[in-house]
Amino acid sequence: MAAPLLCATLGEMFSERAGVLNLGIEGIMLLGAMSGFTVAYFSGSLWLGMAAAATSGIVFGALMGVLAVTLGLSQHVSGLGVTMLCTGLSFYCYRLIFGQPSQPPNVEPFPPLPIPGLVDIPFLGTALFDHVVLVYLVFAMVPLSAWLLYRTPWGLSLRTVGENPQAAAGAGVGVAWMRYQALMISGALFGTGGAYFSLAQFNAFTFGVISGRGWVCIALVVLGRWDPWRCALAALIFGAVDALQLRLQSGGAIHLPYQIFLMLPFLMTVVAMALLSRNATAPAALLVPYRLEER
Amino acid sequence: MRIRLEPRQRTPAWLNLLLPVIAVLATLVLTSGLIAAAGAEVIPAYGALFAGAFGSRFNSVETVVKAAPLVFTGLAVAVAFRAKFWNIGAEGQLLAGAMAAAFVGGLEGLPVWALAPLMILGGAIAGGLWASVPATLKVRYQVDDVVATLMLNFVMFYAMMALLDGPWKDPLSGYPDSPDIRIDAEFPILMVRTRLHLGVALALISAILVWLLMTRTTLGFAIRAVGENARAAAHAGIPVNRVVFTTAIISGGLAGLAGVGEVAGMHFQVMASLSPGYGYTGIVIAMLARLNPLGVVPAALFFAAVTTGAESMSRKTGVPVFLADIIQGASLICMLVALLFANFRVRLQHPSTA
C-alpha cells in the first residue's frame, strides 16, 4: 500500500533536493493513472501503460521546470496550477476517450508475484514477498536513489544546486538543467506512482483514485528529512496506518463512522508534521528561484 | 541571444488591467485545441459556453449567483496570500462556515430577525476558527501551511460526512444530507423570479470592505508588509506571527461566509456536494485578480461563467464538461506567466551587447 506513495515521495524528494517544491504531484499522479490505464487498455500491455504514465509525468515535470526554473514563478502557485491542469486533463481525456459507459472499462491488473522461497517465511513472507512486481521495483528504488544522491557526482551536483546554487554554478554545474532533470524525474515517478493505482491496486481508472494522497507525499518528504531511507520509512508507516484504517473499518471492532477512519491518514500527517517539523532542515535553496541576472 | 529579465519599479496601470485579459485569451486559445480534439467546432463551442453563462436574463443572474461563493473564497485566498500564508484550506473553512450556518439556521428557538445575522456571524467564526488551526501549526510548530491547510480540508470534509451520515442526517431523505434550515432562515431573494439572494450582496460588500481593509488600515498595511518581507517587517516592529494569525482568521472567516451563502441562499442544507471545489477555484481567482480584492469580483464572474457555461456547452456540443477544470488550471498558469511581464521587463539580448 505504501509503494505508490513511496514512489511519489521519492520523486518529490529529488525535486526538493534540487531546490524546487513540486506541487504538481496530485495532478500528475492522476494523469499518470489515467494515461497508464488508457494506454494499457488499448494496447493490452500493462508495461506500455506504465511507460506512458511515466512519460506524461516527464512532460508535466518539464512544464513545472519552465514555470519554476526558467520563468522563476512562485513554486507554490505554479505547482497548484499544474495540478489543476493535469486533474482537468485527466478527467477530460478520460471522458473523451471512454465516454460514460454504464460498465466502466477495466484492465487485467498486474498479478502478484510471490518470490519463491522467501514467501514461505512464516508471517513475514506473505507480507513482504507476495506483491506485484511494481512494489519490488519501488523498494529497489530506495537504495538506488540513495546511491544516486550520495555516491555519484550527479547526486552531489543535485544536492549542491538545492543547497547553494551559486556555489554549484561556480563549479560549472548547469543549475537550471539540473533542476529540470530533477523535475522530470519527479514527474516520471509521480506518473508511475499514479499508474500503480489504476494498473495494480485497482483495475480501472476512477476519478477519485488519488483522493488527496498525493499531497500527503509532500509531508512524507519533510518527515523523511529528504533522505531516501527515511522517506521509505515514513511512507511505510503511513501505508501501515492507511491499511490499519481499512482493516478497522471492516473489522467492526471499533464502532466509529467510517469517515473518521478515512480522515485518519490526513490527521496523522498533520500531527506528525507538527511533532517532527521543528528540526527539519530543508535544502537551503528550496523555493528560491535562481536567476542568472541576480548573481 | 538571451532573454534578460529586468525587475520593474512599477507596473504601468494599463498593463495591470490588460494582463488578466491576455491570460484568459491565451487560455481560451490553448483549450481550443482540446475542443477540437473532442470533435466539436471551436467558435460554436465557445459561443455555447458564453450563451450558457450570459445568454438570457436568467442565465446571467445564475452566473452572478454562482459567483458569490467564488468572490468569498477569492477574497479569502487573496488576503491570505498577501501575507504569504498559503491558505489552500478555503475549501474546509467554507464547509465549517456552512455547517455553522446550517446549525444556527435549524435552531427553533431563535427569533426570526436574529437568524440571518447569527448565521453569518456563526459561519464566519467557524471558518476563522478552522483556519486558526493551520495558522497555529505554522506559527508554533513550523508546519508548512500548504500541507496543513490541505490536509485539514480532507479532515473537515470527512468530519462533515460523518455527521451527515450519522447524527445530522435528514430522516426524510435517503441521502446523507442535513435537514433543511427553517424557512425563515433562508436568505431573502433580491430579484424576483431569480435565485439572487442576500449572499450575493454580502459578497460584493465584502469585496469592498476587504479592499478598504487592505489599503486603508494599519492591519492591511501590516499584512502586506509581512508578505513582502517578513524579516524587514519584524525589524520595523510588526508582530509578524500575530499578523499571520490574524490574516488566517480573516481568510478563514471569508471562506466560511462562502459556505453561509451557499447554505442560506442556495441549498438550504448541508450535503456532500455543497462545494465543487470553490476553495481551490478561489486560489485561481485570487491570482487572476493579482490579490486585489476588487479584482476578485470580475475574476469570480469569469469563473462562474465558465462553470455555468461549460455545462450547457457540454450538453450542446458533446465537449466534456471538464473543460471548465482545464480552463481553471490553464488560466492560473497563463496568469502566472503574464504576471512575469508585470514584474519584469523582458529584454532580448544580443551576445555582442552583453
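What percentage of the contacts in chain B with a separation of 6 or more comes from residues 24 or more positions apart? The share is 79%, where two residues are in contact if their C-beta atoms, placed from the backbone, lie within 7 Å.

The views below show a predicted model, in which local features need pLDDT of at least 70, side-chain atom pairs count only at pLDDT 80 or more, and totals for chains, interfaces and linings use all residues. Residues are numbered from 1 along each chain as its sequence is written, while chains are lettered from A and ligands numbered from 1 in the order in which they are written.

**View 1. Chain B as a whole, with its 13 helices and two strands.** Helices (H or I, at least four residues) and strands (E, at least two) are DSSP runs, numbered from the N terminus. The radius of gyration of chain B, taken over C-alpha atoms, is 21 Å, which agrees with the value near 20 Å that a compact globule of 354 residues would have by the rule of 2.2 Å times the number of residues to the power 0.38. Of these 354 residues, 54% count as buried, that is, with 20 or more other C-beta atoms within 10 Å of their own.

**View 2. The side of chain A that touches chain B.** Here 38 residues of chain A are in contact with 40 residues of chain B. Helices α4 (75-98), α10 (213-223) and α12 (258-276) of chain A each supply at least two residues of this side, and the largest share, 14 residues, comes from α4(A). By class, the residues of chain A on this side divide into 25 nonpolar, nine polar and four charged (Ala, Val, Leu, Ile, Met, Phe, Trp, Tyr, Cys and Pro count as nonpolar, Asp, Glu, Lys and Arg as charged, and the others, Gly among them, as polar).

**View 3. Helix α3 (residues 57-82) of chain B packed with helix α4 (residues 90-106) of chain B.** Their axes, lines fitted to C-alpha atoms over the stretch in contact, are 10 Å apart at an angle of about 125°, on a scale from 0 to 180 degrees between N-to-C directions. The contact is made by B:T73, B:A76 and B:V77 of α3(B) together with B:A90, B:Q93 and B:L94 of α4(B), and its residues divide into four nonpolar, two polar and no charged.

**View 4. Helix α7 (residues 198-216) and helix α8 (residues 218-228) of chain B.** The two axes come within 5 Å and cross at roughly 70°. The contact is made by B:L213, B:M214, B:T215 and B:R216 of α7(B) and by B:L219, B:G220, B:I223 and B:R224 of α8(B).

How values were computed. A residue is buried if 20 or more other C-beta atoms lie within 10 Å of its own, exposed if 12 or fewer, and partly exposed in between; C-beta atoms are placed from the backbone.
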